[in-house]
Amino acid sequence: MRKNMSCSPFKSTEEKIREAAKQVFLEKGFDGATSRDIADTAGINIALTNYYFRSKEKLFMSIFEEMLQLFFNGMIEILNKPTGLREKIADLIEHDFQLMKANPSLTIFVMNEIHRNPDRMANCIGVMKQIHHSMFEEQLQQEISQGNIRPISATHLMPMIFCNIQFLFIGKAMHMKTWQMSEADFDTFSTHHKNLVIDMITNFLFESEKA
């Protein structure tokens, strides 16, 4: 009983640091963030940050790996689901939309940090292999061979799916300013945009069904 009581605040403090670090790193990146920023955001003494994670680099790598998992894991699960291609594409777009809505800075954060330190790309290699060897590519080729969809490679289709959603959130602040949108306005607009992307991509692929 005593052991549980002593561990509870320990875990709570670590989680506070991780949540604060995630917020600060997503906003400022590795170079712009300081241990003081993270401690102030967490509302704790800076010495505790160093006690739990030893250095800003170690804390950053912990958050970066978590962000990569968040970025890719749900996608791989959908790619391997035993569902039809049309439904799978809609699910991929919906997943990306919800992920970007909850974490609008995620794409910029991951891309900036890989650009800043290309060695971080090594963290992505295993995940990219999982995507390449997923059920999705085989399913895509099967639909093409049966004449159900236009001939297209997964390397072209995946950017079509994700860029149309991610760019919307990358440019969120600019878009809201240009069109004088409130958060509620943007939420309505982005949901409609997501539905247009689903229609655009699936109609393009399955156009041969109407021929």
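Analyst: The lining of the largest pocket is made up of 19 nonpolar, five polar and one charged residues. In this classification Ala, Val, Leu, Ile, Met, Phe, Trp, Tyr, Cys and Pro count as nonpolar, Asp, Glu, Lys and Arg as charged, and the others, Gly among them, as polar. The model is a predicted one, in which local features need pLDDT of at least 70 and side-chain atom pairs count only at pLDDT 80 or more, while totals for chains, interfaces and linings use all residues. Residues are numbered from 1 along each chain as its sequence is written, and side-chain values use heavy atoms, with hydrogens and water left out.

The volume of the largest pocket is about 580 Å³. Of its 25 lining residues, Phe 71, Phe 72, Met 128, Met 158 and Phe 162 are the closest to the centre. On a 1 Å grid over the protein atoms alone, a pocket is an open set of points with protein on both sides within 12 Å along at least five of seven lines, whereas a cavity is a set of points where a 1.4 Å probe fits but cannot get out; lining residues have an atom within 4 Å of a point. Grid points are joined across faces, edges and corners, and a volume is the space filled by probe spheres set on the points.

Helix 9 gives the most to this lining, with nine residues. At least two residues each are supplied by helix 4, helix 6 (106-116), helix 7 (122-132), helix 8 (135-145) and helix 9. Helices here are DSSP runs (H or I, at least four residues), numbered from the N terminus.

The second largest cavity, of about 30 Å³, also involves some of these elements. Its lining consists of Phe 71, Met 75, His 95, Asp 96, Leu 99, Phe 162 and Gln 166. Helix 4, helix 5 (85-102) and helix 9 (154-170) each contribute at least two of the lining residues, and helix 5 has the largest share, three residues. By class, this lining holds four nonpolar, two polar and one charged residues.

Helix 8, one of the contributors to the pocket, has Phe 136, Gln 139, Leu 140, Glu 143 and Ile 144 as its buried residues (under 20% relative accessible area, with exposed meaning over 50% and partly exposed in between, for a 1.4 Å probe and protein chains only). Seen down the helix axis, these residues fall within an arc of 135°, so they line one face of helix 8; the arc is that of the directions from the helix axis to the C-beta atoms. On the other side of helix 8, Glu 138 and Ser 145 are exposed. The cover over the buried residues includes helix 4, helix 5 and helix 9, where contact means heavy atoms within 4.5 Å. After helix 8 comes Gly 147, with a positive phi near 75°.

Within helix 9 lies Phe 169, a buried residue with a relative accessible area of 4%. Leaving aside residues up to four places away in sequence, Phe 169 touches Phe 97, Met 100, Lys 101, Pro 104, Phe 186 and Ser 190. The C-alpha atom of Phe 169 is separated by 22 Å from that of Lys 88, and the two residues are 81 apart along the chain.
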